[in-house]
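Open the model in your viewer and keep the sequence beside it. The stops below say what to select and what is there.

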Amino acid sequence: PSGTFTGAPATTNSNGQATVNYTVGTSAGAVTITASVNALNTPIAVTATAGTPATATIGGGNNQLGTAGTTLPQTLSVVVADQYGNPASGVAVNFSYGGAGGSFSYPNPATTDNTGTASQLYTLPPNPGPVNVSATASGIAAPAVLTETGQ
């Protein structure tokens, strides 16, 4: 991950402390910053986390065909990311079939894992036809829409 420093190099104050500011870049992940004075090096661990959720995209399970009234073989999954594409973990994702019928196997909303993925198993309604399943999360303008079809 990238980032920028303000106030580097720093000069110690009367207490022997030096201070700089570090602003994380656009990539989430672990960063090790090393403070150096002569031959003394001190590593400082920093973790940059994803920002506010901005997008939800289809991760898998889209465009499945199944027998009406049965559970689809693949989970429906969406990936939630921040404005820079970093996966956002711990985000509540609500799956909805828009009144078409059917049911979900797991409690709703689903929560994203460390890869930003939320998943749900879907049982098709008893009547054949297409069903649009929307996945939404707070702060995301456009839902991810998966289309499933019962035969």
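Start by selecting P126, which counts as exposed at 66% relative accessibility (exposed means over 50% relative accessible area, buried under 20% and partly exposed in between, with a 1.4 Å probe and protein chains only). This is a predicted model, in which local features need pLDDT of at least 70 and side-chain atom pairs count only at pLDDT 80 or more, while totals for chains, interfaces and linings use all residues. Residues are numbered from 1 along each chain as its sequence is written, and side-chain values use heavy atoms, with hydrogens and water left out.

Stay at P126 for a moment. P126 sits in the loop between β12 and β13; strands (E, at least two residues) and helices (H or I, at least four) are DSSP runs, numbered from the N terminus. Then pick Q151, which is 25 residues from P126 in sequence and 9.4 Å away in space, C-alpha to C-alpha.

Next, select V133. Which residues does V133 touch, not counting those up to four places away in sequence? They are L76, F95, S96, Y97, F104, Y122, A144, V145 and L146.

Widen the view to the largest nonpolar core, which has 21 residues. A nonpolar core is a set of buried Ala, Val, Leu, Ile, Met, Phe, Trp, Tyr and Cys residues joined through side-chain atoms within 4.5 Å. To find the residues with the most contacts inside this core, select L76, V78, V80, V93, F95, Y122 and V133. Colour β7 (76-81), β8, β13 (129-136) and β14 (144-150) as well, as each supplies at least two residues of this core.

Now show the aromatic rings. A search of the whole structure finds five aromatic pairs. Rings of Phe, Tyr and Trp (its six-membered ring) pair if their centres lie within 6.5 Å; planes under 30 degrees apart count as stacked, over 60 as edge-to-face and the rest as tilted. Select F95 and F104: their ring centres are 6.2 Å apart and their planes are at 55°, so the pair is tilted. Both F95 and F104 are buried.

Then select Y97 and Y122, whose ring centres are 6.0 Å apart with planes at 35°, so this pair is tilted. The pair links distant parts of the chain, with Y97 in the loop between β8 (92-96) and β9 (103-104) and Y122 in strand β12 (residues 122-123), 25 residues apart. Are these two tyrosines buried, partly exposed or exposed? Y97 counts as partly exposed at 25% relative accessibility, whereas Y122 is buried, with a relative accessible area of 0%. Select F95, Y97, F104 and Y122 together to see one aromatic cluster.

Move on to the largest pocket, which holds about 430 Å³ of space. On a 1 Å grid over the protein atoms alone, where a 1.4 Å probe fits, a pocket is an open set of points with protein on both sides within 12 Å along at least five of seven lines, and lining residues have an atom within 4 Å of a point. The volume is the space filled by probe spheres set on the points, which are joined across faces, edges and corners.

The lining has 17 residues, and A10, A18, V20, A35 and S36 lie nearest the centre of the pocket. Strand β3 (residues 29-37) gives the largest share of the lining, five residues. By type, the lining divides into eleven nonpolar, six polar and no charged residues (Ala, Val, Leu, Ile, Met, Phe, Trp, Tyr, Cys and Pro count as nonpolar, Asp, Glu, Lys and Arg as charged, and the others, Gly among them, as polar).

From S36, go to P9: the two are 27 residues apart in sequence and 9.8 Å apart in space, C-alpha to C-alpha. P9 lies in the loop between β1 (3-6) and β2 (21-24) and is exposed, with a relative accessible area of 79%. A cis peptide bond joins A8 and P9, with omega about -5°. Another stop of this kind is the cis peptide bond between N108 and P109, with omega about 10°; P109 is in the loop between β9 and β10 (110-111).

Finish with two asparagines. N38, in the loop between β3 and β4 (40-48), has a positive phi of about 50° although it is not a glycine. N63, in the loop between β5 (55-60) and β6 (65-66), has a positive phi of about 60°. N38 counts as exposed at 81% relative accessibility, and N63 counts as exposed at 57%.

Technical notes
Contact means heavy atoms within 4.5 Å.
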